[in-house]
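Welcome! Take a moment to look over the sequence and turn the model around before you read on. The report below walks through it step by step.

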Amino acid sequence: MTPSTCAPPVPPPAVPARAADPAELMAAVARGDRDAFAALYGTLAPPVYGIALRTLRSPAHAEEVAQEVLLEVWRTAAAYRPERGTVLAWALTIAHRRAVDRVRATQAADAREVRVALRERPAAESVADQAERLLDGERVRHALAALTRAQRESLVLAYYGGYSQREIAQYLGLPLGTVKTRMRDGLLRLRAALDDREPAGTTATAERRRR
């Protein structure tokens with residue numbers, strides 16, 4: 001049995017939390033372990049719902065997107081690569097992408113309704129274009145993918161997950177200064193990528209050697 005060949009389990013409320021690392025749970029989920037998915041569900045559901053709600057500003061839409069994300073986690077668990085970041089960062093990236101896609105689809109549908117009502121030509125499609133630019137579309141995701149694992153992980157947790165630098169340091173088990181350095185250097189490179197230019201410079205520390 002594999003996640004791609006069966007329906008995702010719906011975690012029962014009474015399932016006790018398993019004291020296991022999320023990466024270990026992901027490996028078990030990839031093998032079709034429903035108990036592991038139940039434990040992982042309890043860990044990921046709140047932050048996934050949180051980012052969806054912040055992006056969509058609609059509890060109903062946020063719940064739908066959160067379910068879609070967790071279904072994707074179940075189906076694509078085997079695609080997760082620990083070397084590219086934590087399970088939480090991976091799931092939050094999926095959640096943000098799906099939430100943005102939902103906003104764009106909603107905006108486009110609204111624009112079409114306005115055009116029909118006003119009998120206008122597609123000038124109103126600029127609404128969808130604005131949503132794409134303002135809501136971290138494909139260009140931003142591509143720029144994030146070009147960062148180092150350490151930089152991308154910290155930025156995803158901060159800006160998609162809403163975690164503070166201190167919370168990120170605690171979650172990753174790193175000194176606060178290390179997290180600040182990663183985020184500072186990552187932001188420099190992200191801005192440079194979005195501006196199509198090289199970064200003016202990054203912090204020259206031992207952290208660079210680890211990246």
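Which residues are linked in a network of salt bridges? They are Glu64, Glu68, Glu72, Arg97, Arg98 and Arg102. A salt bridge here is a side-chain nitrogen of Lys or Arg within 4 Å of a carboxyl oxygen of Asp or Glu.

## About the model

This is a predicted model, where local features need pLDDT of at least 70, side-chain atom pairs count only at pLDDT 80 or more, and totals for chains, interfaces and linings use all residues. Residues are numbered from 1 along each chain as its sequence is written, and side-chain values use heavy atoms, with hydrogens and water left out.

## The whole chain

Let's start with the overall picture. The chain has ten helices and zero strands, so its elements run α-α-α-α-α-α-α-α-α-α from the N terminus on, where helices (H or I, at least four residues) and strands (E, at least two) are DSSP runs numbered from the N terminus.

Of the 211 residues in the chain, 40% are buried. Buried means under 20% relative accessible area, exposed means over 50%, and partly exposed is in between (1.4 Å probe, protein chains only). The chain exposes about 11900 Å², and carbon and sulfur atoms supply 53% of it; such areas come from the Shrake-Rupley method with a 1.4 Å probe, and for residues only the protein chains shown count as cover. Contact means heavy atoms within 4.5 Å. Among contacts between residues at least 6 apart in sequence, 66% join residues at least 24 apart.

## A look at helix α3

Helix α3 covers residues 59-75, which is 17 residues. From its first C-alpha to its last it reaches 24 Å, close to the 24 Å expected at 1.5 Å a residue; the expected span is 1.5 Å times one less than the number of residues. Its buried residues are Ala62, Val65, Ala66, Val69, Leu70, Glu72, Val73 and Trp74.

Pro59 also lies in helix α3. Pro59 counts as partly exposed because its relative accessibility is 46%. Leaving aside neighbours within four places in sequence, Pro59 is in contact with Tyr49 and Leu53. Pro59 and Tyr49 are ten residues apart in sequence, with 8.7 Å between their C-alpha atoms.

The structure holds six salt bridges. One of them joins Arg102 and Glu64, whose closest N and O atoms are 2.9 Å apart. This pair links distant parts of the chain, with Arg102 in helix α4 (residues 87-118), Glu64 in helix α3, and 38 residues separating them. Arg102 is buried because its relative accessible area is 16%, while Glu64, at 43%, is partly exposed.

Arg97 and Glu72 meet in a salt bridge too, at 2.9 Å from N to O. Here again distant parts of the chain are linked: Arg97 is in helix α4 and Glu72 in helix α3, 25 residues apart. With a relative accessible area of 25%, Arg97 is partly exposed, whereas Glu72 is buried at 16%.

How far apart are the closest N and O atoms of Glu153 and Arg149? They are 3.7 Å apart, and the two residues form a salt bridge. Both lie in helix α7 (residues 149-160), four residues apart, or about one turn of the helix. Glu153 is buried, with a relative accessible area of 4%, and Arg149 is partly exposed at 34%.
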